[in-house]
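Hi,

I'm passing a structure on to you, with some notes to go with it. Please have a look when you get a moment.

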Amino acid sequence: MKNKTFKVFLALSLISFTSCSQNEYSEKIIKEESIQNNEVIKTEPHRYGGWYCPDNLNGFPAVDIANWKNVRVVNGRMPTQEETQNGTSLIFVDTEKYPDAKPLDMKMPRLASYSFYSSKKEEIIIVIQAVNITNDSIVGFRYLNGGNGSARINEVRFLSDNEIEQISPSRFISFNINIKASQDEVFKVLTDREYSDALQPTFDKNNTLKSDWKKSSKVNFKYSNGTNVTSAFADKLYGNNYIQIDCKSDNNNYVEKFFLFENEESNITELNITCGPYGDDFENQKIVLHNWAEKVKELSEKITNFGYPNY
């Protein structure tokens with residue numbers, strides 16, 4: 001029974017992952033199920049939009065912890081529809097449908113923590129919106145590592161000033177690279193074992209990783225910092241390939257995000273990469289990731305030109 005319950009939970013986690021895509025918010029209500037004492041417990045999410053969108057890296061890019069206070073927000077009023085589409089806010093409320101909707105009396109942005117079942121981690125979030133709708137208090141937030149989500153206010157825990165001061169300085173590496181290949185060809189290079197030998201030297205010059213290192217990841221990149229993979233996702237979201245690897249070590253969270261967007265007319269795929277957070281090794285890891293991405297580009301374009309790896 002326990003294994004069966006876990007499979008149900010995993011399937012529902014993937015459904016919640018696919019509930020939205022880049023700059024796109026799902027309107028359907030998704031029932032999440034959690035496991036507690038080997039029992040399935042159903043929770044009903046709110047119904048006002050701003051769903052879990054970890055792939056929305058263009059709409060809400062990663063934010064270094066030192067800059068969290070500088071993100072754009074709307075205070076003292078409800079946001080306009082334009083502001084919910086340009087990265088300033090998140091949830092647009094139709095005041096004709098909900099005439100009693102109003103912003104909560106708190107100044108944004110606020111740092112908070114939020115536990116999400118799919119990543120199996122407690123995430124630090126930046127709350128950028130808090131509204132009351134028909135006696136439901138809802139917050140909209142952005143993840144430090146990029147993307148957005150929303151929840152009832154009692155599902156998040158606001159951090160104290162002392163807790164915020166204790167957060168270690170860290171930075172995310174975020175950049176895009178254009179590849180003249182289809183997104184499926186790039187995805188193949190990112191994930192297939194046949195490309196591991198060609199890509200591994202770009203981030204493992206001394207060949208220190210074990211031969212089975214790929215078993216703990218779904219992408220041909222691994223930040224070897226002693227973290228344990230808590231969840232891994234690699235599939236298409238509304239037609240776009242997306243990969244997310246979540247890791248945890250002690251109190252540190254680490255994530256790798258890879259989003260592919262293809263322009264079918266030009267046959268150019270934009271690979272959007274966000275990894276981190278990093279501390280003192282930020283500059284070294286930046287070089288490693290850029291070298292790795294250039295190798296991914298090279299291999300992907302060779303598939304397009306020759307139809308096989310051709311290292």
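Let me start with helix α4, whose buried residues are S196, A198, L199, Q200, T202 and F203. Buried here means under 20% relative accessible area, exposed over 50%, and partly exposed in between (1.4 Å probe, protein chains only). The helix covers residues 196-203, and because 6 of its 8 residues are buried, the rest of the structure largely encloses it. Helices (H or I, at least four residues) and strands (E, at least two) are DSSP runs, numbered from the N terminus.

Before going further: this is a predicted model, where local features need pLDDT of at least 70 and side-chain atom pairs count only at pLDDT 80 or more, while totals for chains, interfaces and linings use all residues. Residues are numbered from 1 along each chain as its sequence is written, and side-chain values use heavy atoms, leaving out hydrogens and water.

Strand β4 (residues 110-116) has 5 of its 7 residues buried, so it too is largely enclosed by the rest of the structure. Strands count as paired if DSSP finds at least two bridges between them. β4 runs antiparallel to strand β5 (residues 121-133), joined by 7 bridges, and pairs in the antiparallel sense with strand β8 (residues 157-158) over 2 bridges. S113 stands opposite I124 in β5 and opposite R157 in β8.

Finally, the cysteines. With a disulfide taken as a pair of cysteine sulfur atoms within 2.5 Å, the count is 0. C247 is in no disulfide, its nearest cysteine sulfur being that of C275, 9.8 Å away, which is too far for a bond. C247 is buried at 5% relative accessible area, and C275 is buried at 0%.

Best wishes
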